[in-house]
Amino acid sequence: MLTRDEAVAAAAAFLESRAHPDRADSVVVLPDTAVDFAYGRTVRFDFREHIETGDSTQAPFSSVVVVPHDGAPPHFAPTFPAVATYMEMRAAGSWPWRKG
């Protein structure tokens, strides 16, 4: 199981090298937002421009990174369902979710 600090570091590395390498200097990981779930930890982030200006066009589309406890690569949480529901589904092995 990852510690909070390990999850934050993994999320930062994912964001800066894979997800937003063109904005690596702008990525601000928010360690106090890290939440532990059975499947992994979630860590929120923002872009410096959004924090400094409040301009919503400068905010990330998806601001939650999932860092699985099993060592799988970090990834963005989906925008639906809610993050807690997604994490519960992943822990239960019921993701991907198929409607109908």
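Predicted model: local features only at pLDDT ≥ 70, side-chain atom pairs only at ≥ 80, totals over all residues.

Me: Why is Pro96 called partly exposed?

Reply: Buried means under 20% relative accessible area, exposed means over 50%, and partly exposed lies in between (1.4 Å probe, protein chains only). Pro96 has 48% relative accessibility, so Pro96 counts as partly exposed. Pro96 sits in the segment after helix H3 (83–92).

Me: What makes a stretch a helix or a strand here?

Reply: Both are DSSP runs, numbered from the N terminus: helices are H or I with at least four residues, strands are E with at least two. The protein has 3 helices and 4 strands. From the N terminus on, they run α-β-β-α-β-β-α.

Me: How do you know that the size agrees with a compact globule?

Reply: The radius of gyration is taken over C-alpha atoms, and the globule rule is 2.2 Å times the number of residues to the power 0.38. For 100 residues, a compact globule would come near 13 Å; the protein has 14 Å, which agrees. The C-alpha trace spans about 40 × 30 × 20 Å along its principal axes. Of the 100 residues, 34% count as buried.

Me: Why is Leu15 called buried?

Reply: Leu15 has 0% relative accessibility, so Leu15 counts as buried. Leu15 belongs to helix H1. Contact means heavy atoms within 4.5 Å. Leaving aside neighbours within four places in sequence, Leu15 is in contact with His20, Pro21, Val27, Val29, Phe45, Val65 and Phe76.

Me: What makes a group of residues a nonpolar core?

Reply: The members must be buried Ala, Val, Leu, Ile, Met, Phe, Trp, Tyr or Cys residues, joined through side-chain atoms within 4.5 Å. The largest such core has 14 residues. Leu15, Val27, Val29, Val43, Phe45 and Val65 have the most contacts inside it. Helix H1 (4–19), strand S1 (27–36), strand S2 (40–47) and S3 each give two or more residues to this core. H1 gives the most, with 6 residues. A second, separate core of 7 residues includes Val64, Ala77, Val83 and Met87. In soluble globular proteins, nonpolar side chains tend to be buried together.

Me: How do you know that S2 and S3 pair?

Reply: Two strands pair if DSSP finds at least two bridges between them. S2 and S3 pair over 5 bridges, in the antiparallel sense. Arg41 has Val67 in S3 as its bridge partner. S3 and S4 also pair in the antiparallel sense, over 2 bridges. Val65 has Phe76 in S4 as its bridge partner.

Me: Why are S1 and S4 said to stand at the edges?

Reply: The open sheet of 4 strands has the order S1-S2-S3-S4, with antiparallel pairing. S1 and strand S4 (75–76) each have a single partner strand, so one side of each is left without a neighbour in the sheet.

Me: What makes S3 largely enclosed?

Reply: 5 of the 5 residues of S3 are buried, so S3 is largely enclosed by the rest of the structure. Val64, Val66 and Pro68 point one way from S3, Val65 and Val67 the other way, and all are buried.

Me: Why is Ser62 called buried?

Reply: Ser62 has a relative accessible area of 16%, so Ser62 is buried. Ser62 is in the loop between helix H2 (48–53) and strand S3 (64–68). Beyond neighbours within four places in sequence, Ser62 is in contact with Phe45, Phe76 and Ala77. A polar atom of the Ser62 side chain lies 3.4 Å from the backbone oxygen of Ala77.

How values were computed: Residues numbered from 1 in each chain as written. Heavy atoms only, no water. Polar contact = N/O pair within 3.5 Å; in protein donor to acceptor, adjacent residues only side chain to side chain.
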